[in-house]
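The points are grouped by topic.

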Amino acid sequence: MKKILVTGALGQIGSELTEQLRSTYGEDNIIASDIRRPENPSGIFEEIDVTKEKEIYEISKKYKVDTIIHLAALLSAKAEAFPKVAWEINMGGLVNALEAAKQLDLKFFTPSSIGAFGPSTPKDNTPQDTLQRPTTMYGVNKVAGELLCDYYFSRFGVDTRGVRFPGLISYVTAPGGGTTDYAVEVYYEAIRKGTYTSYIAQGTHMDMMYMPDALNAIIQLMEADPDRLKHRNAFNITAMSAAPEHFAASICKQIPDFEMDYQVDPVRQGIAESWPDSINADAAKEEWGFEAAYDIDSMTIDMLKKIREKLKKNSA
Ligand code: AKB
């Protein structure tokens, strides 16, 4: 990767990935894009509506990029609220991005998700290759997206790569519209109020990962030797399997008075229950050396420290 276009660059992954890519590959080699322009973009920024057929293509051509990292998408809860819009953005955007990659001969990354699994998928230690019959619009989009990326690789030779992300936890940009968002909110509320009301029920396990591990995974997979990749699109990756009470216990080690209670949201709870409790990441480890550095406690220490610094800076 030498010159990279990032779509959805203002989102939860995009905002941090863009900065990391700029420090690794050079400020002028990263083109950030999103549906709206931020007030003061920190580097090259272009407005792109991914649902418009030619916009990704035009910007990729203009900057002569060699890679597209396509992140623009609606997350699971939002997609469930607006299924048709989700189809248009998640699938329409993806096919437009893949077409640009095909026409300009670009490398391509897009994330899938644990949402690509469904209630009939084995729940524990979910294998890399298994039953995928999701019951959400987001899941339908993710499975179709995995297959579409495989198709563009086998039919047109586009170098497509992807991972199935678990819930991603970060202090920089809030996720917004996901089922796993509680695992970010809990840290902010722990600091602000010392309590958190979880919309996900006690005992509901989902895979999670701290953002630095997710960003490293994208770069490591994109730099991996293609001859070693048997799966290419949608490697299972995970750092931990956790339920709300595990976050509470980890936060209590740092903030002993912290308390969590529950007011379950049936929609997001239903989505969470349709996903695996824990996934198996052996293929990613074997084929490109994936390894997560953070577990729940080291992530909690860093999250609390960084959120405190951020809130202090914002109130100064
Ligand atoms: C969501 O909750 O929708 C996302 C995901 C797991 O894909 N964080």
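In this predicted model, the count of salt bridges comes to 14. One of the pairs joins R22 and E19, whose side chains meet at 3.6 Å, N to O. Between domain 1 and domain 2, however, the count of salt bridges is zero.

**Salt bridges**

- Side chains of opposite charge can pair when their charged atoms come close.
- R22 and E19 form such a salt bridge, with 3.6 Å from N to O.
- Helix α1 holds both R22 and E19, which are three residues apart, about one turn of the helix.

**Domain layout**

- The domain assignment gives domain 1 as 4-166 + 232-236.
- Domain 2 is assigned as 168-207 + 239-315.
- Taken over C-alpha atoms, the centres of domain 1 and domain 2 are 23 Å apart.

**Interface between the domains**

- On the side of domain 1, 31 residues are in contact with 28 residues of domain 2.
- The size of an interface is often given as the accessible area lost when the parts come together.
- For domain 1 and domain 2 the buried area is about 2600 Å², and carbon and sulfur atoms give 62% of it.
- Q12, I114 and K123 are the residues of domain 1 that lose the most area to domain 2, together 26% of what that side buries.
- Although there are zero salt bridges between domain 1 and domain 2, 17 residue pairs, both at pLDDT 80 or more, are in polar contact across the interface.
- Elements giving two or more residues to the side of domain 1 that touches domain 2 are α1 (12-25), α3 (76-81), β8 (163-165) and β12 (235-236).
- By class, that side of domain 1 has 13 nonpolar, 12 polar and six charged residues.

**Ligand surroundings**

- The ligand is surrounded by L75, S76, S113, I114, Y138, P166, G167, G178, T179, T180 and W275.
- The side chain of S76 has an N or O atom 2.5 Å from an oxygen atom of the ligand.
- For the side chain of S113, the distance from an N or O atom to an oxygen atom of the ligand is 2.7 Å.
- With T180 the ligand atom is a nitrogen, 2.9 Å from an N or O atom in the side chain.
- I114 is among the residues surrounding the ligand, and I114 is also one of the three named for losing the most area to domain 2.

Methods. Residues are numbered from 1 along each chain as its sequence is written. This is a predicted model: local features need pLDDT of at least 70, side-chain atom pairs count only at pLDDT 80 or more; totals for chains, interfaces and linings use all residues. Side-chain values use heavy atoms; hydrogens and water are left out. Domain bounds come from an automatic or database domain assignment. Contact means heavy atoms within 4.5 Å. Buried area is the accessible area (1.4 Å probe) that two parts lose on being put together, summed over both. A salt bridge is a side-chain nitrogen of Lys or Arg within 4 Å of a carboxyl oxygen of Asp or Glu. A polar contact is a pair of N or O atoms within 3.5 Å; within protein, one must be able to donate a hydrogen and the other to accept it, and residues adjacent in sequence count only if both atoms are side-chain atoms. Helices (H or I, at least four residues) and strands (E, at least two) are DSSP runs, numbered from the N terminus. Ala, Val, Leu, Ile, Met, Phe, Trp, Tyr, Cys and Pro count as nonpolar, Asp, Glu, Lys and Arg as charged, and the others, Gly among them, as polar. A residue is near a molecule or strand if one of its heavy atoms lies within 4 Å of it.
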